[in-house]
Amino acid sequence: MKRIETRLWKNGAKRAASFTFDDGRYEDYRLVELFNKYSLKGTFHLNNPGFLTSCGYKEAPIVDPKDYRELYEGHEVSCHLYHHPFCKWTPSAALLEEVCSNKRSLEERVGYPVRGMSYPYGNENDRIISVMRAAGMEYSRTAVNTYDFFLPEDFMRWDPTCHWSEAEGLLEKFFSPMNYDFMRLIYVWGHSYEFTSEEKWDQMESLCRAVSGRDDVWYATSIEIVDYVNAVNGLRFSTDCSMVYNPAVIPVWLEADREVFVAEPGKVTKL
Ligand SMILES: [Zn+2]
């Protein structure tokens, strides 16, 4: 029997890097520019337009909803609920409305199904997760830093690696070789309004420069990570592992006896 290992990202990369930023404040315009300059991918978790002013935060400028489609093109727009609620204190029926109205409002602007979210204030529990799943959420990011590069057991409790301000310090470990290579992911979170000075923008640019431009890293949005991992988990092998069927619509890279193969979508691949 062949020795099969599914531990490669897209294009056979051993590592993936993904950025996830909340709240859609005005500074996203400059942050997206930075990501585009370094060919990095971000997920932007947005509330409903107008919620800030409706809460009295008139001084907090946000991205103009008319710009969502163009600004976030090539990145991912994702939910952050209508009113940025404390979910634990919010009844389930209201939570369902929070997520559905947010999802619908974002979809109308970006033109694709919005499939993930991050928890406002990192607030989650089993009840909240079951409501979000019912509304079609496929992943949700928390605010609990793991400081490691493992994938979550459950994408609805997706703990990030670290806040952007701490990420550059982890890159040496991220890029280091390991005896047991796995699908390593650095998942970096934050808010663009935290870039309150040119020094902080410089720090963020330094991180972008350091993480970018590597052949061994796949730069992906959150939902691209989820789709790829689901495709890996969906592979169907023959009993002797000499063949694999990939029912997904995206190719999957894998190793058989340490040789790299691509399981093409919708096809049987001989290994
Ligand atoms: Zn938030």
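Helices (H or I, at least four residues) and strands (E, at least two) are DSSP runs that are numbered from the N terminus. By this rule isoleucine 4 belongs to strand 1, residues 4–5, in a structure that is a predicted model, where local features need pLDDT of at least 70, side-chain atom pairs count only at pLDDT 80 or more, and totals for chains, interfaces and linings use all residues. Residues are numbered from 1 along each chain as its sequence is written, and side-chain values use heavy atoms, with hydrogens and water left out.

Isoleucine 4 counts as partly exposed at 22% relative accessibility, where buried means under 20% relative accessible area, exposed means over 50%, and partly exposed lies in between (1.4 Å probe, protein chains only). Apart from its neighbours within four places in sequence, isoleucine 4 is in contact with Phe237, Cys241, Leu254, Glu255, Ala256 and Leu271, contact meaning heavy atoms within 4.5 Å.

Aspartate 23 lies in the loop between strand 2 (15–22) and helix 1 (28–37), and histidine 80 in the loop between strand 4 (76–79) and helix 4 (92–110), so the pair ties together parts that are 57 residues apart in sequence. Aspartate 23 is buried at 11% relative accessibility, and histidine 80 is likewise buried, with a relative accessible area of 1%.

The chain is assigned domain 1 (15–231) and domain 2 (234–270), with bounds that come from an automatic or database domain assignment. The C-alpha centres of domain 1 and domain 2 lie 30 Å apart, and four residues from domain 1 and seven residues from domain 2 take part in the contact. About 400 Å² is buried between domain 1 and domain 2, with carbon and sulfur atoms giving 59% of this area; buried area is the accessible area (1.4 Å probe) that two parts lose on being put together, summed over both. Tyr228, Asn230 and Ala231 supply 94% of the area that domain 1 buries against domain 2, more than any other three residues.
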